[in-house]
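Student: Please take me on a close look at a single part of this one. I'd like the ligand's surroundings, and then how that part sits in the rest of the chain.

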Amino acid sequence: MSLSLNEYTRYGRQLIVSEFGLDSQLRLKSSRVLVVGAGGLGCPALQYLVGAGIGTIGIVDPDTVDVSNLHRQILHSTETVGMLKCESAKQQLQKINPLVEIVTYPTALSTDNSFDIFEQYDLVLDCTDTPATRYLINDTAVLLGLTVVSGSGLKTEGQLSILNFDNVGPCYRCFYPTPPPPSSVTACSDGGVLGPVIGLVGVMMSLEAIKIISGYYHTEGAEFQPFLSMYNGYNPLQSLRTFKMRGRSAKCRVCNPATREITKHVVQNELDYAVWCGKMEYNVLSADERIPVERFAELKEPFVVDVRAKEQFSIVHLPNSVNIPLNALRRLETLEVPKSTPVYVICRFGNDSQLAVKHLKKIGYENTVDVIGGLNQWSQKIDPLFPVY
Ligand SMILES: Nc1ncnc2c1ncn2[C@@H]1O[C@H](COP(=O)(O)OP(=O)(O)OP(=O)(O)O)[C@@H](O)[C@H]1O
Ligand SMILES: [Zn+2]
């Protein structure tokens, strides 16, 4: 394989970097990279990978562009709102570099398609935002021997690591054998994220991909060591701390052949990642401990506790509601109202409110119920002008 005159010109500025050079460029050209998620991480990662001259890039994303994505999802634009993210990204990427072949998969990565898609690539970037997909990507990649560059970001902080490096490095399950409880996981639509923070992580992911493909980690003195980088953009000096991580777990259920329980067959036939990770709405209360939003709307001056974070509460809330974020509420021994007061708990989607009801009952507020479906249902059924945060 060689480069055309056009390619020498296009990639000239990186070709003359002594750490990189022609050999690395040729490796990029012959490589196939899969990016799962064309959102906050995927957009900047894709932009740099396409700019750098990866031969073929696959993009998996079932979602369409929303105007609230545009502060960070830099390949999309006001004109492409409503378009599939895959297609919006491809359109912009081909303008940046028409020499790269871009394959789109406008579908959610699932146990039905993950092996068929991954098999066609050399490296995977996990640019998604849910634990279920993170585990699915990990398991599929490990079972196919693929390295995964993994990133995440929330609020003002980001994280980066490389999983299953060269099929010998530790995988996600080596560190997190089971998913965290659903109530402790905040999606970026719940917790928010600053565009440049997630953008930086996406850019770092593309750099790691370039280093892996070009063989950097096989050069003398640069041997790969498992690591986790943590970036914090909101302290006076900004900080990037990188921790060395241990190697593979001797008990890992997927990457250690001796203790492997998760096989391709298990992934495809026995695992329901979404349910296992608790992504589904959960019901921890019985029906008589909950109230539909229509009935709640008819109450006269109810005592309402809103358990969302204070940032969300300060943007919009129901009149007469008081804000006690779930974590703070769980530490309370009493509220400032008598124990006999009927208490109505509300949150964004009706998950956290159930956990709050459990606690309030435990501390003696027997007449506590939660509003089913939370403010999202309020907005859908009662007040369409109420924005959901
Ligand atoms: N299983 C999956 N397969 C493919 N893409 C996925 C999957 N799960 C999530 N994604 C995509 O990963 C991207 C993650 O982007 P990001 O974290 O910036 O959030 P978002 O979902 O676009 O927006 P918000 O969280 O604000 O609603 C999204 O475009 C989402 O559709
Ligand atoms: Zn493992």
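Tutor: Here's the ligand's shell, followed by the chain around it and the other annotated spots.

First, the ground rules. This is a predicted model, so local features need pLDDT of at least 70 and side-chain atom pairs count only at pLDDT 80 or more, while totals for chains, interfaces and linings use all residues. Residues are numbered from 1 along each chain as its sequence is written, and chains are lettered from A and ligands numbered from 1 in the order in which they are written.

Now to the ligand. Around ligand 1 there are 22 residues, where "near" asks for a C-beta atom, placed from the backbone, within 6 Å of the molecule. Gly37, Gly39, Gly40, Asp63 and Asp129 come nearest. By type, that shell holds ten polar residues, eight nonpolar and four charged. For that sorting, Asp, Glu, Lys and Arg are charged; Ala, Val, Leu, Ile, Met, Phe, Trp, Tyr, Cys and Pro are nonpolar; and the others, Gly among them, are polar.

UniProt (an unreviewed entry) puts a "binding site" at Gly40, Asp61, Ser68, Asn69, Leu70, His71, Arg72, Lys85, Asp129 and Thr130. UniProt positions are in the numbering used here, with feature names shortened, and the annotations may be inferred rather than shown by experiment.

Take Asp129: it lies in the loop between strand 4 (123-126) and helix 7 (131-144). Helices (H or I, at least four residues) and strands (E, at least two) are DSSP runs, numbered from the N terminus. Asp129 has 20 C-beta neighbours inside 10 Å, so it counts as buried. The burial scale is simple: with C-beta atoms placed from the backbone, 20 or more others within 10 Å means buried, 12 or fewer means exposed, and in between is partly exposed. His71, with 14 such neighbours inside 10 Å, therefore comes out partly exposed. His71 sits in the loop between strand 2 (56-60) and helix 5 (85-96).

Helix 4 (residues 42-52) is mostly covered, with nine of its eleven residues buried. Among the buried ones are Gly42, Cys43, Pro44 and Ala45.

Now zoom out. The protein chain has 17 helices and 13 strands. Its radius of gyration is 24 Å, close to the 21 Å that the globule rule gives for 389 residues, so the chain is as compact as a globular protein of that length. That radius is taken over C-alpha atoms, and the rule is 2.2 Å times the number of residues to the power 0.38. The C-alpha trace spans about 80 × 50 × 45 Å along its principal axes, and 38% of the residues are buried. The chain divides into domain 1 (31-276) and domain 2 (287-382), with their C-alpha centres 36 Å apart; the bounds come from an automatic or database domain assignment.

Cys171 is in the loop between strand 6 (157-163) and helix 8 (172-175), and with 26 C-beta neighbours inside 10 Å it counts as buried. Beyond four places in sequence, the contacts of Cys171 include Asn138, Cys252 and Cys255, a contact being two C-beta atoms, placed from the backbone, within 7 Å. Cys255, in the loop between strand 8 (239-244) and helix 11, is buried as well, with 25 neighbours inside 10 Å. Contacts of Cys255, again leaving aside residues within four places, include Cys171, Cys174 and Arg248.

Last stop: the unreviewed UniProt entry lists an "active site" at Cys188 and Cys347. Cys347 falls in the loop between strand 12 (343-346) and helix 16 (352-362), and its 26 C-beta neighbours inside 10 Å make it buried.
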